[in-house]
Amino acid sequence: MRVALAIAALLLMAGTAGAQRRAAVDNGPRNPFATNQAAIEEGRSLYNSTCTGCHGANGAAGEFGPGLAIPGRSYARTTDSQIFDAIQHGIPGTPMPAQQGKLTDDQIWKIAAYVKGLRGTAIDAPSPGNVANGEAIFWGKGQCGTCHMVGGRGSIIGPDLSQIASLRKTNSIIDALTKEQHRVYGPGGAQPHLLTPLPVWPVVRITTADGKVIRGLLRNEDSFSLQVMGLDQQLHLLDRSKLKSVVYEPKGLMPTDYDKRLSKTEFDDLLAYLTRLGTPPEPASPVVKMPGGPEKD
Amino acid sequence: MPVLVDGMWKGKPRKMVLQANRNGFYYILDRTNGEFLQATQFVKKVDWLKGWDDKGHPIPDPAHDPSVKGTTTCPSTAGATNWPSPTYDPQLKMFYFVAQEGCGINVRDTARNYAGTGYLESPEEGKSWQLFTRALDAFTGKKVWDYEQVTSHHYGPGLMSSAGGVLFSPEEFGQFTALDAKTGKVLWHFNTGDVITASPISYAVNGRQYVAVVSSSNVFSFGLPEGGAK
């Protein structure tokens with residue numbers, strides 16, 4: 001998956017000139033604070049005191065500068081070192097000022113980690129907490145495994161969460177746990193168009209002609225048939241004309257009161273576990289100078 | 001989409017134009033002079049107008065102008081019907097069309113210099129928009145029957161009626177459905193496996209009749225068995 005994405009990113013960059021081409025040959029250092037939640041929090045407060053005036057809160061665009069994490073937008077600077085460089089040296093020919101001398105390198109890296117986290121998914125900035133305890137809550141008190149699967153364990157009724165942190169932002173995961181009508185946050189910057197909308201599967205209660213009741217998620221339907229993933233973990237392929245009744249329930253199956261059914265610590269631990277379900281960012285690759293290779297500008 | 005019909009109107013022969021308008025009203029006009037004969041509401045909710053003037057022009061309700069906050073208006077910007085072709089059966093004197101039930105939210109965008117730049121589906125009633133194949137008595141505008149196109153929510157394909165009393169009514173997500181033109185009862189259906197947005201057509205080759213529809217990039221053509229139906 002990651003490899004495919006990298007190729008897609010290269011193809012994307014190949015289509016544009018100048019600044020974007022830089023990204024393809026970037027072998028700069030990786031952010032020493034990447035995925036370090038405490039540092040990212042510090043980055044957030046530094047961003048808020050330094051960058052928000054132009055770039056807006058949460059990177060959502062401001063009066064003078066472009067948004068730094070806008071869904072669907074492509075960015076010229078996507079790697080750790082490119083973001084660091086833009087903050088440290090500014091961007092010549094634009095109002096973007098250099099922060100060198102005003103902020104320490106560590107502070108700049110922390111802002112860069114925060115910006116990267118805004119653009120990325122949960123795995124790029126996992127939540128702090130007791131991961132092992134969160135996993136225990138997932139399978140125990142939270143009853144998440146009654147519907148969801150992780151790494152081949154659990155149930156097939158709901159979506160498989162093995163890669164949830166690579167697919168969703170932390171905010172989106174929190175909202176899914178706490179809000180009935182939760183919105184899915186867009187991808188932002190480095191991963192344009194990657195996040196698909198959250199599938200919504202209505203709950204149906206079906207009574208067949210012989211009186212059998214099937215309750216489950218309506219995976220598909222048309223004027224003549226229904227395909228239902230039953231709570232019995234069986235896929236039911238049904239002919240509409242042979243059913244006594246089809247009742248569409250107003251509420252989904254996913255509980256959205258995890259902030260109430262769990263204590264604050266338990267919720268944080270569960271989030272720490274969920275925001276690590278996925279493929280972690282690749283470690284920094286060593287700088288390789290290739291004779292005759294593409295030149296860095 | 002206007003349908004031209006010559007027939008009797010209140011005992012007198014008239015050249016008429018019938019139209020299910022996206023504004024939610026089914027119009028009958030005299031096509032020789034534009035005279036307004038009748039307008040009947042054909043979707044459940046219409047709230048954009050206050051009434052009619054004596055020439056049959058609607059009087060819009062300013063309370064339903066787009067606003068910065070968003071104004072819910074019925075029908076939606078997509079219309080109570082849209083491009084899907086309607087059809088008329090001269091034997092049954094019935095008018096068929098694709099009705100789109102639902103409301104919309106119209107937003108005035110202050111960042112630009114023109115109004116009503118944004119529109120959304122209204123989330124009312126859970127199911128925001130729903131398509132129906134709808135049959136009206138062509139000259140009273142009264143609904144005769146309704147066929148709900150399950151999972152069809154936007155625009156959808158057009159209709160074709162036939163002299164044999166069969167109404168061909170494809171559905172947005174690939175069902176090519178034939179209905180009894182008189183009752184709306186399903187007679188036959190075929191799943192093409194891809195989206196249909198076109199209207200069906202009928203043609204004859206060497207005296208044999210076919211019905212065809214485009215689904216995605218494929219053309220499906222259907223005919224009765226050689227020697228007639230068994």
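Analyst: Of the 297 residues in chain A, 29% are buried; a residue is buried if 20 or more other C-beta atoms lie within 10 Å of its own, exposed if 12 or fewer, and partly exposed in between, with C-beta atoms placed from the backbone. This is a predicted model, in which local features need pLDDT of at least 70 and side-chain atom pairs count only at pLDDT 80 or more, while totals for chains, interfaces and linings use all residues. Residues are numbered from 1 along each chain as its sequence is written, and chains are lettered from A and ligands numbered from 1 in the order in which they are written.

Chain A has eleven helices and seven strands; helices (H or I, at least four residues) and strands (E, at least two) are DSSP runs, numbered from the N terminus. Among contacts in chain A with a separation of 6 or more, 63% are between residues 24 or more positions apart. Two residues are in contact if their C-beta atoms, placed from the backbone, lie within 7 Å.

The part to examine is one helix pair. Two packed helices are described by the angle between their axes and the distance between the axes. Helix H7 (residues 131-139) of chain A and helix H11 (residues 264-274) of chain A have axes that come within 7 Å and cross at roughly 95°. Axes are lines fitted to C-alpha atoms, for helices over the stretch in contact, and angles run from 0 to 180 degrees between N-to-C directions. H7(A) and H11(A) are therefore roughly perpendicular to each other; angles under 35 degrees count as roughly parallel, over 145 as roughly antiparallel, 65 to 115 as roughly perpendicular and the rest as oblique.

H7(A) brings Val131(A), Asn133(A), Gly134(A), Glu135(A), Ile137(A) and Phe138(A) to this contact, and H11(A) brings Glu266(A), Asp269(A), Leu270(A), Leu271(A), Ala272(A) and Tyr273(A). By class, the residues of the contact are seven nonpolar, two polar and three charged. Ala, Val, Leu, Ile, Met, Phe, Trp, Tyr, Cys and Pro count as nonpolar, Asp, Glu, Lys and Arg as charged, and the others, Gly among them, as polar.

Within H7(A), Gly134(A), Ile137(A) and Phe138(A) are buried. These residues cover an arc of only 105° around the axis, which puts them on the same side of H7(A); the arc is that of the directions from the helix axis to the C-beta atoms. H11 of chain A is included in what covers the buried residues of H7(A).

Elsewhere in chain A, Glu42(A) sits in helix H3 (residues 37-50). Glu42(A) is partly exposed, with 18 other C-beta atoms within 10 Å. Glu42(A) and Tyr114(A) are 72 residues apart in sequence but 8.4 Å apart in space, C-alpha to C-alpha.

Chain B has zero helices and 20 strands. Of its 230 residues, 29% count as buried. One open sheet of chain B has three strands in the order S18-S19-S20, with antiparallel pairing; two strands pair if DSSP finds at least two bridges between them. Strands S18 (201-205) and S20 (218-223) of chain B are at the edges, each with a single partner strand, so one side of each has no neighbour in the sheet. The contact between the chains takes nine residues from chain B and five residues from chain A.
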